[in-house]
Amino acid sequence: MDKLLHFQRFGEGDRTVILLHGLFGLSANLGPLARELARDYRVLVPDLRNHGRSFHAAEMNYPLMAADVVRLMDTDGIARAALIGHSMGGKVAMQAALDHPGRIERLLVADIAPIDYQPHHGRLLVALREAAEDFLADRNRTRQILEAHIDEPGVVALMLMNRARSDDGSWHWRFNLEAIERDYAQILAAPHSDASYPGPVLFLKGELSEYILPSHLEPTRRLFPGARLKVIAGAGHWLHAEKPAVFLRLVRDFLREAPAR
């Protein structure tokens, strides 16, 4: 039997919105956004495979992760949904739209493009491995390990949300670090399809982020011919956390546009 993603459900409504977190994230990261959107929509926020409280699996790639999301929709009786994904979650959302266009009403992608990225998590992976090897490293000790390798407080805070205590008193990462490292090239890879997604698509870019560049326009248009791009001033890659009010307004505006047919 296929495994089901762990998820949180917020709100009620005729339309469903599914929020997808990024690499090393978890559903709790998108809780504030989910609670705001739950005033008007039914909102689902899953932990993607090998993250949070969802199942650990040996394989990790975008077709499998997109299938996980559609399986969640099937189990919860959702015929169509709008997908909103940040970073890796944005690639999962793109793959789901490409593989199952009839199930995805519209797509919002936060600060990621449908391209292959170069490896860029080297220092973070070193820190995560070091903490993983120290079973006694609680959150305070883990913070010290992380801060010795990386100087981004937001990233440190995100990782600490993933530090959990086992029944025997030892500490561990909620995410499956071994699987993520093994399939890291798959995570950096672009979503792929021989077809395109015809529905409404909005890409949101952080002004200070380099995850979306002018050179990414051509592969984006090929897969998503109806795509538009908006830039959030003063925001970096974590635009939904750095500029939550602006991000929420743009999300609401996009969701309120005439429904796709």
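In this predicted model, strand E4 gives the most to the lining of the largest cavity, with three residues. E4 covers 81-86, and strand E2, covering 16-20, is the other strand named here; each supplies at least two residues of that lining.

The cavity itself holds about 50 Å³ of space. The structure has one cavity of 30 Å³ or more.

Next comes the open space. The largest pocket has a volume of about 670 Å³. Lining it are 31 residues. The ones that lie nearest its centre are His-120, His-121, Tyr-211, His-237 and Trp-238. The class count for the pocket lining is 17 nonpolar, 10 polar and four charged residues.

Two packed helices are described by the angle between their axes and the distance between the axes.

| Helix pair | Angle between axes | Distance between axes |
|---|---|---|
| H2 and H3 | roughly 75 degrees | within 8 Å |
| H4 and H5 | roughly 150 degrees | within 9 Å |
| H5 and H6 | about 145 degrees | 10 Å |

Helix H2 spans residues 62-75, and its axis crosses that of H3 at roughly 75 degrees. H2 and H3 are therefore roughly perpendicular to each other. On the H2 side the contact is made by Tyr-62, Pro-63, Met-65, Ala-66 and Val-69, and on the H3 side by Met-88, Lys-91, Val-92, Gln-95, Ala-96 and Asp-99. Eight nonpolar, one polar and two charged residues make up this contact by class.

Helix H5 spans residues 139-147, and the axes of H4 and H5 cross at roughly 150 degrees. Because of this angle, H4 is roughly antiparallel to H5. H4 passes H5 in a right-handed crossing. In H4, the residues Ala-127, Leu-128, Glu-130 and Ala-131 meet Arg-141, Thr-142, Ile-145 and Leu-146 of H5. This contact has five nonpolar residues, one polar residue and two charged residues.

H5 also packs against H6, at an angle of about 145 degrees. The crossing of H5 and H6 is right-handed. Here Arg-139, Thr-142, Arg-143, Leu-146 and Glu-147 of H5 meet Val-156, Met-159 and Leu-160 of H6. By class, four nonpolar, one polar and three charged residues take part in the contact of H5 with H6.

Technical notes
Residues numbered from 1 in each chain as written. Predicted model: local features only at pLDDT ≥ 70, side-chain atom pairs only at ≥ 80, totals over all residues. Heavy atoms only, no water. 1 Å grid on protein atoms, 1.4 Å probe; cavity = no way out; pocket = protein on both sides within 12 Å on 5 of 7 lines; lining within 4 Å. Points joined across faces, edges and corners; volume = space filled by probe spheres on them. Nonpolar A, V, L, I, M, F, W, Y, C, P; charged D, E, K, R; others polar. Axes fitted to C-alpha atoms, helices over the stretch in contact; angles between N-to-C directions. Helix = DSSP H or I, 4+ residues; strand = E, 2+ residues; numbered from the N terminus. Parallel < 35°, antiparallel > 145°, perpendicular 65-115°, else oblique. Left-handed = near helix turned anticlockwise from the far one by under 90°. Contact = heavy atoms within 4.5 Å.
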